[in-house]
Amino acid sequence: MKKRILATIMSVLLIVCSLLTLASCVGEKEPDKPGETPLVREWYDNLGEHDLDGYTVKFAVAEADQDGFHKRSIAAEEDTGDSVDAAIFARNKAVEARFNCVIELTFYTDTSNLSTALSNVFMSGGKEYDVIAARQYDDIAICSKGYVVDLAKNEDASKYLEWQDNEFPYWAEGYIDGMSYKGQVYWLAGDLCLRYTGGFYCTFVNGAIYDEVLKESAGSIYDVVRNKQWTIDKMREFSDAATTVENTTITDLIGSENVIGVAMPIHDNTNGWAVAAGVNFSEQNKDGSINFTFNQKNTTLEAFYSEYMDLIGSKGIIELGGDYRSAFQAFASDNALMVPGRLNQAELYLREMTSHYYIVPCPLLKEGGNYRSNVHDAINLYGISSGSENIAATAIVLEAMCAESYRSVRPRYYEDALKFKYTTDLDSAEMIDILSENAYMDFALVWAFTQYFSGLGNYLRTNMNQGVATVTAQLKKQTGIWKKGIGDLDEMFSKLESAQ
């Protein structure tokens, strides 16, 4: 709650600061604690002064040319004319000027070959890069070859990287903890990258439809969330109330006067819904080792699956597989009350939407529960290369970039790219804070799309798309495979620890 109050107050204060350049943020007033006199913070981190003597911090970034995010998530050209790009560009230039360094980025658009490409680099000397920004699909292979350092145990890195107990939540502490194993930390995630900032699974609610059909009886959708009444069952109730037509197709719906409750893409957001419902894929033991929990004895999993399938089968739903474009088109055309998705899909599909919309978390399984947020699996994770010639300088630059991203890029992204008034609307800010402050990721789900957990990442949506009535179908065999994956990863992390 403390973080949420700080973040919300700071968000409102940001409207007095020009976000086109970070220079205007120098000397900005920010609160120490609610109710106290604001303090002057020249920078948002606790790094202090450092002169890196012109050192070039070299990034290798896996960035698929898709979803409109190629390169933009961490870098931008000066002359794009886009305010978000301008904030990203200014962030990098401000960090360079502050520390007397250079930030250099190389992009690998064929992300499937990143591990091979980096192997070739390391085999030829391994000093081309300081930072490796990989996707979850790649990081196990990269990590297992010793290409990145243990950030928790490396003194030069741990001295400057404050992802734990930080005053402000610009690093994704929960996500980083979920990736760690027995205290070993090789990858970071956080507001440094727009793929993380915009990667949260959420629910979009059409404001025009909600206000007309439901607001008088149900009250503010934000109050429903605050009161922890936002459940899968409540979504079904709202969907039924708004639906004016049954047994239609998405093609017939768009452009008509009819409305459905939910345009439902059963795709990668399924894991986000499962996490929000309280499903644990794995749990950490006291020693940091992993206990696999996603199996037929998981009553929360069974209850979630049953509720989800009942929702899909209700009258106000059009199930669209992985067709996000059609789902958001129906939503933007005022033909659907709700659509599940990721925050950044608003930038892709809702920029021309004329009606206002609300953004709320993925629904709870039961009233009174605690919200948990999951992040899309294709975000970039950041590690420091074991071939870096200056690990301390690299850590300083990463910390500063992430902190300034939280202060300047994040609000501009919500405000402009998503047209979501984060800096001026306390309700909207609170919803965003619920998503970011309750980010949750466990070990098995982080690595669910690697060879160690073949099929785990797609298990729920595959069953749902096929109309399988219960989640336990063929689960016993798969559980054995996934448990073996835990054992293989345990062996891999043990070898990494001994090699550090």
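# A walk through the predicted model

Let's start with a cysteine: Cys 101 has a relative accessibility of 6%, so it counts as buried (buried means under 20% relative accessible area, exposed over 50%, and partly exposed in between, using a 1.4 Å probe and protein chains only). Before going on, note that this is a predicted model, in which local features need pLDDT of at least 70 and side-chain atom pairs count only at pLDDT 80 or more, while totals for chains, interfaces and linings use all residues. Residues are numbered from 1 along each chain as its sequence is written, and side-chain values use heavy atoms, with hydrogens and water left out.

Staying with cysteines, how many disulfides does a search of the whole structure find? It finds zero, where a disulfide would be a pair of cysteine sulfur atoms within 2.5 Å. Take Cys 362, which is in no disulfide: the nearest cysteine sulfur belongs to Cys 202 and is 6.7 Å away. Cys 362 is buried too, with a relative accessible area of 3%.

Now for the sheets. Four strands make up an open sheet with mixed pairing, in the order E4-E3-E5-E13. Strands here (E, at least two residues) and helices (H or I, at least four) are DSSP runs numbered from the N terminus, and two strands pair if DSSP finds at least two bridges between them. At the edges sit strand E4 (101-108) and strand E13 (380-384), each pairing on one side only. From one strand to the next, the twist averages 20 degrees. Angles run from 0 to 180 degrees between N-to-C directions, and axes are lines fitted to C-alpha atoms, for helices over the stretch in contact. Strands of a sheet pair through backbone hydrogen bonds, either parallel or antiparallel. In this sheet, E5 and E13 run antiparallel and are joined by five bridges. You can pick out Ala 133, whose bridge partner in E13 is Tyr 382.

Helix H4 lies across E3, E5 and E13, and runs at about 130 degrees to E5 (contact means heavy atoms within 4.5 Å). Which residues of H4 (residues 136-144) are buried? They are Gln 136, Asp 138, Asp 139, Ile 140, Ile 142 and Cys 143. Just after H4 comes Gly 146, with a positive phi of about 80 degrees.

Elsewhere, strand E6 (residues 201-206) pairs with E12 in the antiparallel sense, over four bridges. Thr 203 stands opposite Val 360 in E12. In a regular strand the side chains alternate between the two faces of the sheet. Strand E12 (residues 357-360) has Tyr 357 and Ile 359 pointing one way and Tyr 358 and Val 360 the other way, and all are buried.

On to the charged residues. Side chains of opposite charge can pair when their charged atoms come close. A salt bridge is a side-chain nitrogen of Lys or Arg within 4 Å of a carboxyl oxygen of Asp or Glu, and by this rule the count comes to 18 salt bridges.

Another salt bridge, at 2.8 Å from N to O, is where the side chains of Glu 430 and Arg 226 meet. Again the pair links distant parts of the chain: Glu 430 is in helix H18 (residues 426-437) and Arg 226 is in helix H10 (residues 221-226), 204 residues apart. Glu 430 counts as buried at 18% relative accessibility, whereas Arg 226 is partly exposed at 30%.

Lys 495 and Glu 491 form a salt bridge as well, 3.4 Å from N to O. These two are separated by about one helical turn because they are four residues apart in helix H21 (residues 475-499). Lys 495 is exposed, with a relative accessible area of 53%, and Glu 491 is partly exposed, at 44%. Finally, salt bridges that share partners join Asp 223, Arg 226, Asp 427 and Glu 430 into one network.
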